[in-house]
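Please read this briefing with the model open beside it.

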Amino acid sequence: MKLFDSVAYVKGVGPKRAELLKKLGVETVYDLLYFFPRTYIDYTSPTAISQTALDEQNVIKCRICSKLPPAHIRKGMTIYKAFATDDESDITVILYNNEYLFKSLEVGGEYIMYGKVTGNLTRREISSPLIISEKSDDKIQPVYHLTDGISQTVIRKAVKNALLMFDSFCFEPLSKEILSDYGICALRYALENIHFPRDMNELNTAKKRLVFEEFLILQLGMQILRKRNRQLTGCKMTYKSIESYYKSLPFELTNAQKSAISDCLSDMTRDVPMNRLVQGDVGSGKTAVAAACCYFAHLNGRQSALMAPTEILAAQHYSTLANFLSPLGVNVCLLTGSLTPKQKKEIKEKIKSGYYSVIVGTHALVVSSTNFESLGLVIIDEQHRFGVKQRAGLAQKGDNPHILVMSATPIPRTLALMIYGDLDISVLNELPKGRQKIDTYAVTGKLRKRAYGFIKERLDEGRQAYIVCPAIDETESGLLAANSYAEKIAAEDFHEYRIGILNGKMPSSQKDEIMARFKEHQLDVLVSTTVIEVGIDVPNAAVMLIENADRFGLSQLHQLRGRVGRGSFKSYCILVTDNVSEESKKRLKILSSTSDGFKISEEDLKLRGPGDFFGSKQHGLPQLKIASMAENMEELRSAQQCAEKIISADPNLLLSKHAQLKLLAKRLFQKSADNAMN
Ligand code: ADP
Ligand code: MG
C-alpha cells in the first residue's frame, strides 16, 4: 500500500466504506491521515460529581456500584440504569437502548464518562454518556465529521491502521533543516498526535507542524501557479509611446500612477503574460492606470476587456474609460445584461470585427462572450470576488492575454502574499493632489439628533448622505437594522427627504436600481447595510453616518468612508457607537487621525487579526484544513519566510529534498481546479 493509494486498502475500510468516505473528501490513505478531528473529548481531567455543572456536558470519573434490571418503557425503548460513585457523591448512569454498552460495564469497575448531567444538588443523573475505561490509553478522543454509514469508531480504527503503515510510506515533506530551523515536529509524530494526543501539549505541537506545513504548501502552490501562468507566450506587445494619453488627461497623474503604468507596460512587452495586481486605496485613481493599459494595447492592435462585479460599476467604468479614451480615437463599448438582445448582438458583432478596442462589462458577460477579434488584455476590477482559480482559468483562454487586477482593499503585505501570491503587485500609495481629507468624528448615540441636524444641513445645501447599519433586520440582536431604521427616520427626523434602502438580500437588479436612483439624485439619503458597492462613485454624496461603528473592522470603515469625499465638496464621516471602552476609542481614533488605507489595515491586523480581511471567504484560495489565517498569523509568517527561502534556493523545486513538497503543492491546486469544474 502506498500513501496515495485508495483508502479502500486500509484495514477496516474496504470498497464500500471507501465510497462513503469520498463524501467526506477522503479518497486516499493520505486524505485519511489528513482528515483531522473536528474536536476532541478530553477525559484527562474529570470533574468531581458534586461539582458538575447541571444541564451541561461534563466529564466524570466513577465506579459502578450496582446495575438495575432493564426497564422496557414501550415497544423499542429499553432503559438501562446503573448506580455509580466517586466515593464522595453518587450518580445514576442512564443508557437508552444500549444493551451492549450496559453489559460491558462491570460492577466495581472504574470508568470515565462524558455526557449531560441533570438533576439537582442531591440527586444527579448522567444520560447516554460516552464511556471509556479508566485504564484506557486514549484519554483524549478525536471526534470526526461523519456521514451516514461511517461512525467515529470506523474512522478512529481506520486512522490507527493507516498510522501503523506510516513508516512504510517514507513520507516527510519537510527537510531536517526546516524542522530544526522552525522548531517543528516530524510528520509522523504530528499525525499520531493530531489524531490521538495524550495531552494538550502533544496536540499543540502536532497542530503547529501541520499548520505550518499547510501554509507552506499553499505558498509553494501559488508559486507554481505563478510559473505556470507565465509559461506561455501571451500577446507580446512592443513599446509605443502613450504620451498623447497623458496629454489628453484633465489632470496630472500621480507618481504612483505613473510607476504602476510603467510596470504594466513593461510587463506587456515581455514574452510571458502580465499577471499584475494594482492595489490602491479608494480614490487613488486605478481607473486611469487601467485606461493607460487599454490605450497601450490599442496602439498594439489589441482589444482590452474590463470586467466589473456589478452592472452599475461596469457602467461607471464605461463612462470613465470612454471619457479618457474616445478623444484618442479608441472605441469603447458597454456590454450589460440590460441591453436588448438586438443591441447585444450588434455590439458583439462589432467586438468580433475588432471595431471596439475596449469592452467593459460584468464578469459573467465578458467571460461568456469570448468572441473577441484580438483580445490582449483583461482587467478585473475588485479583486476578491474573482479568485485564484478563475484567474488561472482566464489565463488559459485564447491567446493567453495579459491580466491586470485592480483592488481597492489595501491589505498588509503578509496577507497580500497569501492571497495574491501568484501576482506581481504595484501599489498606489499616493492620492491625487488636492484631495480633501474626510473629516471623521466618533460620537455616542446621545449625539445622534445633533448628527441628524448636521446631515440635514448638508442635504439642504444640495448634497446627499449615506447611513450605514450593521444588520438588515432586528433578528441580529442589539444592532441597528437598516430596514426599520429607514422606516423610522423616514417617518420622523427625515420626513421631508427622500429615503432609499439598500441591503444584501435584495436581488441585484433591485440593488442596481436603487443605486442608480441615488446616483441620479432622486434620493437624498441612502440607508444601507455594508453592501454599498466598493468603488461606487457618487460625487454629490458628502456625508456618511455609520451606526454601531465598533462592529466593523477599521479597514471596512475606511472602505465605507471612501464612498464620500469623491467630489469637490467637503465631506464628513460620523461614527456612532455607545461602546466607550478604551480599545474602541483607540480604534476609532486611528480612523479620524489618518486616511492612509495601508496604515489603517496594518493597525487593523494588529488589533483584530486578519479575520476582517477574510470574513467573506471571497479570496478564492483552496480550503484550508487546519490552518486558520485568523488564528495562525505567526505560523503564516514563518511559513512565508520558509517558502521564500526554498524558492530562492530552488526555484523549480527540482532538488530531491523538495520532491514531496512539490508533489503536495501541485496536488493542492490540481484538486481545487477539479473542484472548480464540478
Ligand atoms: P479608484 O482608485 O478608487 O478606483 P478612480 O479611478 O475611480 O479611483 O478615481 C477617482 C477619481 O479621481 C476619478 O474621478 C478620477 O478621474 C480622478 N483621478 C484619477 N487620477 C487623478 C489624478 N492624478 N489627479 C486628479 N484626479 C484624478
Ligand atoms: Mg475603482
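What follows describes the surroundings of a ligand and then a pair of domains.

This is a predicted model, in which local features need pLDDT of at least 70 and side-chain atom pairs count only at pLDDT 80 or more, while totals for chains, interfaces and linings use all residues. Residues are numbered from 1 along each chain as its sequence is written, chains are lettered from A and ligands numbered from 1 in the order in which they are written, and side-chain values use heavy atoms, without hydrogens and water.

**Ligand 1**

- Around ligand 1 there are 16 residues, counted when a heavy atom lies within 4 Å of the ligand; Glu252, Gly283, Lys286, Thr287 and Arg435 are the closest.
- This shell consists of five nonpolar, six polar and five charged residues, where Asp, Glu, Lys and Arg count as charged, Ala, Val, Leu, Ile, Met, Phe, Trp, Tyr, Cys and Pro as nonpolar, and the others, Gly among them, as polar.
- The side chain of Thr287 has an N or O atom 2.6 Å from an oxygen atom of ligand 1, and a polar side-chain atom of Lys286 lies 2.8 Å from an oxygen atom of the ligand.
- For Gln257, a side-chain N or O atom is 2.9 Å from a nitrogen atom of ligand 1.
- On its own, ligand 1 has 560 Å² of accessible area (Shrake-Rupley method, 1.4 Å probe), and the protein covers 79% of that area.

**Domain 3 and domain 4**

- Domain 3 spans 243-428 and domain 4 spans 438-594, with bounds from an automatic or database domain assignment.
- Their C-alpha centres are 30 Å apart.
- Contact (heavy atoms within 4.5 Å) joins 13 residues of domain 3 to 14 residues of domain 4.
- About 1,100 Å² is buried between the two domains, 53% of it from carbon and sulfur atoms; buried area is the accessible area (1.4 Å probe) lost on putting two parts together, summed over both.
- Val282, Ile312 and Gln316 lose the most area on the domain 3 side, together 51% of what that side buries.

Notes:
Polar contact = N/O pair within 3.5 Å; in protein donor to acceptor, adjacent residues only side chain to side chain.
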